[in-house]
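Colleague: I'm new to reading strands and disulfides. Could you walk me through an example?

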Amino acid sequence: QVQVEESGGGLVQAGGSLKLSCAASGRTFNAYAMGWFRQAPGKEREFVVAVTMSGVITNYADSVKGRFTISRDNAKNTVYLQMNSLKPEDTAVYYCALARSRPDYPFSVYTEFAYHYWGQGTQVTVSS
């Protein structure tokens, strides 16, 4: 089995930065991609960004473009999300997920359905 665990969340003032980590363990060989999603209170979970194990980075969600950066360390089976210039609207539970294979059409790594393993989430709160 595969375990996915996020860390690095917390409380930060608007304009500040946080770096989230997502570590995958277990049978992670041949994993296809890892992605970040977030869910704000009262809203549906939304895609943030993903990266394939070969290094291809997807488009970022428009709401985070230019402020968030995804990176990966395959040797550590870890993906990072550097979040800069944080805004109160970035407040959410951030989830990391792992796709063990390339999703079949019509799904893509932009959708939740592409992912097989999810972490428990880490809370990010941005105060104004």
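Colleague: Which residue in β5 does Phe37 stand opposite?

Modeller: Phe37 stands opposite Phe47 there. One caution: this is a predicted model, where local features need pLDDT of at least 70, side-chain atom pairs count only at pLDDT 80 or more, and totals for chains, interfaces and linings use all residues. Residues are numbered from 1 along each chain as its sequence is written, and side-chain values use heavy atoms, with hydrogens and water left out.

Colleague: How do I read strands and their pairing?

Modeller: Helices (H or I, at least four residues) and strands (E, at least two) are DSSP runs, numbered from the N terminus. Two strands pair if DSSP finds at least two bridges between them. Here, β4 (residues 33-39) and β5 (residues 46-52) run antiparallel, joined by six bridges. On β8 (residues 92-99), seven bridges link to β4, again antiparallel, and Tyr95 of β8 stands opposite Phe37.

Colleague: Is β4 mostly covered or uncovered?

Modeller: Buried means under 20% relative accessible area, exposed over 50%, and partly exposed in between (1.4 Å probe, protein chains only). Strand β4 is mostly covered, with six of its seven residues buried.

Colleague: How many disulfides does a search of the whole structure find?

Modeller: A disulfide is a pair of cysteine sulfur atoms within 2.5 Å. The search finds one: Cys22 and Cys96, with sulfur atoms 1.9 Å apart. Cys22 lies in β3 (residues 18-26) and Cys96 in β8, so the pair ties together parts that are 74 residues apart in sequence. Both cysteines, Cys22 and Cys96, are buried.
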